[in-house]
Amino acid sequence: MNFKRFVFLILAALALSACAPKAGGAQIRVEDAWGRPSPAAASAGAFYMTIYNDGSEADTLLSATSPACMMAELHESYMMDNGAMGMRPVEGGSIEIPAGGSAELKVGGLHVMCMDKMADFKTGDTYQITLKFEKAGEIVVDVEIKDQ
Ligand SMILES: [Cu+2]
């Protein structure tokens, strides 16, 4: 093996190891991101998804942004004093994803509130949303608009 080839192999090995997931830490995976169809006249819409943490450290979803929304907030639904369902920003403004666990954003529970929507949400449309995690950093997810 000549020296040049040796150097190439070392560099290739380094490049590969840079791509491998880090041992431990938070390893975030987002599945089934979706939202209900709604006309642009409806000023807000909700996005739902399940966020898995396959790592050994808890991580925290800090915020969300999307070109489909002027602003996005992390919300929770709750029972108001009068028995009706209301919603509000989550306490502390963030959602923890436990190590080896998951957080389910679902109808009647946690959700990403898409405020001042920039578009009609039509069945079959897909919008990108960027989720920012404390440890995992930014993760871009496709949200599918569908009836469910
Ligand atoms: Cu909401």
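Trainee: What share of the residues in the protein chain is buried?
Mentor: Buried residues account for 26% of the 148 in the chain; buried means 20 or more other C-beta atoms within 10 Å of the residue's own, with C-beta atoms placed from the backbone. Keep in mind that this is a predicted model, where local features need pLDDT of at least 70, side-chain atom pairs count only at pLDDT 80 or more, and totals for chains, interfaces and linings use all residues. Residues are numbered from 1 along each chain as its sequence is written.

Trainee: What does the pLDDT average over the protein chain?
Mentor: The average is 89, and 83% of the residues score at least 70; pLDDT is the predictor's confidence in each residue, from 0 to 100. Over residues 19-23 the pLDDT is below 50, and beyond near neighbours in sequence that stretch has one contact in the model. A contact means C-beta atoms, placed from the backbone, within 7 Å.

Trainee: Which residues touch the most other members of the largest nonpolar core?
Mentor: F47, M49, V112 and I129, out of 28 residues. Such a core is a set of buried Ala, Val, Leu, Ile, Met, Phe, Trp, Tyr and Cys residues joined through C-beta atoms within 7 Å.

Trainee: And what does V112 touch?
Mentor: Leaving out residues up to four places away in sequence, V112 touches A46, F47, A64, A72, L74, L105 and I129.

Terms used:
Buried ≥ 20, exposed ≤ 12 C-beta atoms within 10 Å, placed from the backbone. Contact = placed C-beta atoms within 7 Å.
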